[in-house]
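Subject: Structure for you to look at

Hello,

Here is the structure I promised to send. Please open it and read the notes below alongside it.

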Amino acid sequence: MTAADYAGIVEKMIPGRKTMLVLTRAILYSELEQKTEDQSADAGPHVLVVGAGGGEEILQLADGHPSWKFTGLDPNEKMNDVGKERIREQGLTNEITWVQMPIADLETSGFHGATCLLTAHFIPEDGRQQFYADIHRRLRPGAPFVLVSASYDRNGNPDGTSFFE
């Protein structure tokens, strides 16, 4: 799958996705600009993007914020490759670190904010509390965390189809 393919497919699958990204950007901008005003212009906030593989959150959040730094975390190598390609195509100059691992294995902490958009539903229900705790532990005190999660019956629909059909 190419980066262009991914962007088109996801846009069709998730109604309201663009609005979700606009709201996420507005929330983080509002919170992070206030908390980092006392820093030098070169020391922008560092944002953790959990499930960053497709690259869309980083593209949206970086737009107009060249000093913001990102750590894009996704355990899926192919998705990370898609994200990297999309970022490269757009020519972003932000500092971006890509990591391919579960959040529990990430050693970096002290993030100014974090996002987890449409990713948590891939985590088994009995592991989600720990998943959220692992994200929270990597944030600075009071840092914003934007979570958007899909909600559907993991056992399929009554007609036998699955959510993704």
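Is Thr119 buried or exposed, going by relative accessibility? Keep in mind that this is a predicted model. Thr119 has 14% relative accessibility, and the cut-off for buried is under 20%, so Thr119 counts as buried.

Now its surroundings. Thr119 sits in the loop that runs between β4 and α5. A polar atom of the Thr119 side chain lies 3.1 Å from the backbone oxygen of Leu117. Leaving aside residues up to four places away in sequence, Thr119 touches Val50, Gly51 and Val148.

Next, helix α5, residues 128-137. Its buried residues are Arg128, Phe131, Asp134 and Ile135. Viewed down the axis of α5, these buried residues fall within an arc of 120°, so they line one face of the helix. An α-helix has 3.6 residues a turn, so residues three or four places apart point the same way.

Last, the β2 and β3 region. Strand β2 covers residues 69-73 and strand β3 covers residues 96-99. The two run parallel and are joined by four bridges. Thr71 stands opposite Thr97 of β3.

Best wishes

Definitions and conventions:
Residues are numbered from 1 along each chain as its sequence is written. This is a predicted model: local features need pLDDT of at least 70, side-chain atom pairs count only at pLDDT 80 or more; totals for chains, interfaces and linings use all residues. Side-chain values use heavy atoms; hydrogens and water are left out. Two strands pair if DSSP finds at least two bridges between them. Buried means under 20% relative accessible area, exposed over 50%, partly exposed in between (1.4 Å probe, protein chains only). The arc is that of the directions from the helix axis to the C-beta atoms. A polar contact is a pair of N or O atoms within 3.5 Å; within protein, one must be able to donate a hydrogen and the other to accept it, and residues adjacent in sequence count only if both atoms are side-chain atoms. Contact means heavy atoms within 4.5 Å.
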